[in-house]
Amino acid sequence: MLPANPTIENLTPEVVAKTIDHALLRPDLTTQQVIDGCKLSADYQVASVCVRPCDVSLAASHLQNTGVAIGTVIGFPHGTTSTAAKVAESLQALADGATELDMVLNIGYAKSGQWSKVQEDIRAVVVAAKGRYAGCCVKVIFECCLLAEGEIRKACWVCEEAGADFVKTSTGFSTGGARIEDLKAMRGCTSVARTGVKASGGIRSLEDLAACLQAGATRIGTSATAAIINDLRARRK
């Protein structure tokens, strides 16, 4: 469990690992690299692995009985696929073995102020996914670098109304990643008891991770898992 005021000094490698969603999303990853990433995720006992939709069944086969959840992305990376396509992609991912879905909200709708459409899009995925598997965790990616602060706050409200479990900063494939000011805004306008905050994009060091946790993140998306945890282990010797 995270301490109330997480710092490098009071974090343990085991606690840090359980905040991490190990990202395996680069389009050029080979099958062997995905398998290796799953092995790393099991070895470090992270919270989950986040793989491309085409790799869900592969990840599930390599992470069975390891305690590492299988996550994937929906409507990635732009969020502009139709709601029906997002629902279909979500149901296929669950059928393939995923239990966590990181969906991208429709950024164009958000920028247009069409918040009812944004909410309907999210709710459709939440209802379909949790109807298929009640324990499914749905995270909504904002791409904060493309949104104004007021839009980020509005998106948080919409996500909670739609029943999402997490709000998330970034895909890691746009013009910017996790920013401390965005995380503080997201934590400040969501219920701590009801909604988690995931920081993703550009988190490559223990210092980056600790800063995001201090800003209110409860889950971290990164591909630098080994470097981060090994650094903390070395400091504990």
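Here are my notes, from the whole protein down to single residues.

**Ground rules**

I'm working with a predicted model, in which local features need pLDDT of at least 70 and side-chain atom pairs count only at pLDDT 80 or more, while totals for chains, interfaces and linings use all residues. I number residues from 1 along each chain as its sequence is written, and side-chain values use heavy atoms, with hydrogens and water left out.

**Whole protein**

I looked up the secondary structure and got 10 helices and 8 strands. Helices (H or I, at least four residues) and strands (E, at least two) are DSSP runs, numbered from the N terminus. The radius of gyration is 17 Å, close to the 18 Å that the globule rule gives for 237 residues, so the protein is as compact as a globular protein of that length. That radius is taken over C-alpha atoms, and the rule is 2.2 Å times the number of residues to the power 0.38. Along the principal axes, the C-alpha atoms fill a box of roughly 55 × 35 × 30 Å.

How many of the residues count as buried? I noted 53% of the 237, where buried means under 20% relative accessible area, exposed over 50%, and partly exposed in between (1.4 Å probe, protein chains only). I also checked contacts (heavy atoms within 4.5 Å). Among those with a separation of 6 or more, 68% join residues 24 or more positions apart.

**Thr 72**

Next I went to strand 3 (residues 69-74), where Thr 72 sits. Is Thr 72 buried or exposed? Thr 72 is buried, at a relative accessible area of 0%. Its contacts, leaving out residues up to four places away in sequence, include Cys 50, Val 51, Ala 93 and Leu 101. A polar atom of the Thr 72 side chain lies 2.7 Å from the backbone oxygen of Val 51.

**Helix 8**

I then picked helix 8 (residues 180-188) and found Asp 182, Leu 183, Ala 185, Met 186 and Arg 187 buried there. What covers these residues? The cover includes helix 7 (149-162), strand 6 (166-168), strand 7 (196-200) and helix 9 (206-214).

A reminder to myself: most residues other than glycine have a negative phi, and most peptide bonds are trans. Phe 76 and Pro 77 are joined by a cis peptide bond, with omega about 0°. I placed Pro 77 in the loop between strand 3 and helix 4 (83-96).

Gln 45 is not a glycine, yet its phi is positive, about 55°. I found Gln 45 in the loop between helix 2 (31-44) and strand 2 (48-51), partly exposed at 31% relative accessibility. Asn 65 has a positive phi too, near 65°. Asn 65 lies in the loop between helix 3 (56-63) and strand 3 and is exposed, with a relative accessible area of 78%.

**Asn 10**

Last stop: Asn 10, in the segment before helix 1 (13-17). Asn 10 is partly exposed, at 35% relative accessible area. Which residues does Asn 10 touch, not counting those up to four places away in sequence? I listed Pro 3, Asn 5 and Arg 236. The Asn 10 side chain reaches the backbone oxygen of Asn 5 at 3.0 Å.

Note on methods: A polar contact is a pair of N or O atoms within 3.5 Å; within protein, one must be able to donate a hydrogen and the other to accept it, and residues adjacent in sequence count only if both atoms are side-chain atoms.
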